[in-house]
Amino acid sequence: MNAVPLAEIFTSFQGEGPLVGVRQVFVRVRGCDLACLYCDTAAAKETSGACRIEIAPGSEQFAEQTNPFTARRVFDDAPALREPVGGLHSIALTGGEPLLYPAFVAEMGDLAKEHGVPLFLETAGHRPDALASVIDRVDLVSMDVKLPSTLARPVDPSLFVRSYEIAGERCVAVKMVLTDAVAAREVSDACRDLAAVSAAGPVVLQPVTPVSDGVRRPGHLADVRVIPQCHRLLGVL
């Protein structure tokens with residue numbers, strides 16, 4: 001089995017997108033190949049370091065364990081997965097960027113299926129080939145479209161469109177983070193490109209506070225929602 005560096009495993013409520021409020025076990029991988037100017041998990045970009053695991057679901061008390069982890073070890077070592085907590089919606093595989101490790105994602109999907117828990121993949125959406133290799137092993141996908149002004153290094157916009165097409169009906173949301181540097185034209189252009197694949201959406205516009213000009217609804221897509229980072233508002237992990 002493939003072993004990868006993890007940053008943390010804990011239980012909390014989804015704080016972003018249309019599934020906000022559902023209870024999940026979060027498995028956060030280390031490592032990311034993007035340079036987002038608004039990154040709120042900068043520590044997870046580092047591939048070195050320990051993995052902190054919540055001692056008991058919801059306790060917010062952690063113990064450190066050494067890396068790397070196989071998918072099997074995740075299920076064996078995480079208390080919330082050894083004995084799944086009540087009301088668990090899914091496992092959120094997040095990062096960092098999980099699609100740096102597609103074989104690990106596939107193995108997590110297989111084990112999640114064995115345990116009867118859906119696997120929810122959170123990805124930046126810029127690695128369509130990796131997504132294609134695992135799409136049959138995940139149940140739900142939340143992907144980002146990184147707008148040009150939010151990146152220190154540019155990313156080809158067509159990569160996000162390809163990922164959107166690959167995710168298909170498994171895509172529960174496309175997220176666009178809005179900073180005060182984002183122009184309305186960037187959002188409109190991105191929505192137009194996605195609509196060429198499917199106009200159904202949903203697309204979530206996620207403001208970073210403060211956003212100087214507020215949020216304007218773009219055209220092209222039928223389902224566009226404005227949802228802030230609710231876990232930040234609630235003060236949960």
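## Surface, pocket and salt bridges

The accessible surface of the chain is about 10600 Å², and carbon and sulfur atoms hold 51% of that area. Please keep in mind that this is a predicted model. The chain has 237 residues, 50% of which count as buried, and its secondary structure consists of seven helices and 12 strands. Among contacts with a separation of 6 or more, 65% join residues 24 or more positions apart.

Now to the largest pocket, which holds about 950 Å³ of space. Its lining is made up of 44 residues, and R28, D40, T41, T94 and G95 are the closest to its centre. Elements giving two or more residues to this lining include β3 (23–29), β10 (171–178) and α7 (230–234). The most comes from β2, with four residues. By class, the lining of the largest pocket has 19 nonpolar, 12 polar and 13 charged residues.

Turning to charge pairs, the count of salt bridges is 13.

| Salt bridge | Closest N and O atoms |
|---|---|
| R73 and D77 | 2.9 Å |
| R192 and D189 | 3.3 Å |
| D193 and R192 | 3.2 Å |

R73 and D77 sit four residues apart in helix α1 (residues 71–77), so about one helical turn separates them. D77 is partly exposed at 23% relative accessibility.

In helix α6 (residues 184–195), R192 and D189 are three residues apart, about one turn of the helix. R192 is partly exposed, with a relative accessible area of 41%; D189 is partly exposed at 24%, and D193 is partly exposed at 27%.

Elsewhere, a network of salt bridges links E16, D144, K146 and K175.

Technical notes: Residues are numbered from 1 along each chain as its sequence is written. This is a predicted model: local features need pLDDT of at least 70, side-chain atom pairs count only at pLDDT 80 or more; totals for chains, interfaces and linings use all residues. Side-chain values use heavy atoms; hydrogens and water are left out. On a 1 Å grid over the protein atoms alone, a cavity is a set of points where a 1.4 Å probe fits but cannot get out, and a pocket is an open set with protein on both sides within 12 Å along at least five of seven lines; lining residues have an atom within 4 Å of a point. Grid points are joined across faces, edges and corners, and a volume is the space filled by probe spheres set on the points. Ala, Val, Leu, Ile, Met, Phe, Trp, Tyr, Cys and Pro count as nonpolar, Asp, Glu, Lys and Arg as charged, and the others, Gly among them, as polar. Buried means under 20% relative accessible area, exposed over 50%, partly exposed in between (1.4 Å probe, protein chains only). Contact means heavy atoms within 4.5 Å. Accessible areas come from the Shrake-Rupley method with a 1.4 Å probe; for residues, only the protein chains shown count as cover. A salt bridge is a side-chain nitrogen of Lys or Arg within 4 Å of a carboxyl oxygen of Asp or Glu.
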